[in-house]
Amino acid sequence: MTKKSRDAYEEKRRPVKKSSGSSHKSSSAKHDYDYDYDDDIERRPKKKKSSGKKSNKKAQAKKKRRRIILFILEIFVLVIMVMVLYIVLKGEKTGKVELKEEEIIINDTVKEKEETTMKGYRNIALFGVDSTTGALTKNTRSDTIMIASINLDTGECKLVSVYRDTYLNLSNDTYNKCNAAYAKGGPEMAISMLNMNLDMNITDFITVGFAGLTDTIDALGGVYIEVDSSEISHLNNYQLCIAEDLKRSYTPVTDTGYQLLDGLQATGYCRIRYTAGDDFKRAERQREVLSAVADQAKKASPAALGQIAGNVFEEVYTSLDLTEIVELLADVANYNITETGGFPYEDYRKTGTIGTKGSCVVPVDLEQNVKWLHQFLFNDYEYEPSGMVKECSEKIKADTGSYQLH
């Protein structure tokens, strides 16, 4: 073969360089290319067939890996969904609620008092609703309304019952029995009612039904209460009704005197009102039971109290976190309920039927009642009620002046 023929043959066999655009071909750069020196045409199809098998195996392996990854992702997503569902359901059971602060009314002058006579006090609203299970949020009247005022410096705690039939501004410029506020607008409206009429600065609350109170008392081992002969039959009738609603058994109280009551018995005791003193005496019994609960709590260890709080937390409705409640309970030994009272104060109230509103407790002078309250809770003997309280006081006088009160 001549040199010219050999060069032509080599030129045909030379591969084309894969380039991003350059057409430069240099014989001195042969080492940059992958040459195929096998010129047997019959073997080329076999080579392509072998490459196809490898490609199919790679594709199958890739699909398998993809299926495994998708399966793992599906399991991961399922686990996340289960966790979210658990958290949501747990959150619904605990009864923790974030209050809408913009809906809670606090009178302007009270905000000034927070830096003077009311400084260092924490005020919490306590509501007891006429419900066995559920119905803690609204649409049920709050038969028990209390204010717990805690002096954070001394640990001194005072309890004030606001009588459920007290004729007050419901916080929306309508006047009725104050326990209607909870039924109409839940805790936000009930708290606003207390703040507006009483010049308070409450932003936290705890609501409990029959089941919650019963289980709390049982968890503490019961409470010690003085029971007299006029109360036994009513106590047993009430606890029978509660036991039927809760589908539980009950033990009748048979003896008078100072004794240990279980949860159902103590809750029944709280409901008695058909004795001397009527509803005023019932509110006093409720404060008595709450004080007895505090006494029993002092006997328990912080760990036991934390466990009790966790167990009954699902049966309350509150603005407090479980951790906040546990922190309060951890200091329970440092708290002392020193005094209890009722609002309106005895010297500034009357009772009577107010038209379609029915039998009401009337604060005949709301201003004087609010002065008494701030003296009782905060030792403020020179308190001047806000303009809002004065306005409500005048409206109450106008609405009730034409009725026969006693």
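**A tour of the chain**

The chain holds twelve helices and twelve strands (DSSP runs numbered from the N terminus: H or I of at least four residues for helices, E of at least two for strands). This is a predicted model, where local features need pLDDT of at least 70 and side-chain atom pairs count only at pLDDT 80 or more, while totals for chains, interfaces and linings use all residues. Residues are numbered from 1 along each chain as its sequence is written, and side-chain values use heavy atoms, without hydrogens and water.

Start with the whole chain. Of its 406 residues, 42% are buried (under 20% relative accessible area, 1.4 Å probe, protein chains only; exposed is over 50%, and partly exposed lies in between).

Next, select Phe127, Leu194, Leu198 and Phe205. In the largest nonpolar core, of 49 residues, these touch the most other members. Such a core is a set of buried Ala, Val, Leu, Ile, Met, Phe, Trp, Tyr and Cys residues joined through side-chain atoms within 4.5 Å. Elements giving two or more residues to this core include β1 (121-129), β2 (142-151) and α12 (387-400). Color α4 too: ten residues, the largest share of this core, come from α4.

Now center on Leu194. Leaving aside residues up to four places away in sequence, Leu194 touches Ala125, Phe127, Ile145, Ile147, Val162, Asp199, Met200 and Ile202 (contact means heavy atoms within 4.5 Å). Another core, of 21 residues, lies apart from the largest one; Leu261, Ile272, Ala292 and Ile308 are among its members.

Finally, go to strand β8 (residues 257-261) and pick Tyr258. Tyr258 is exposed, at a relative accessible area of 57%.
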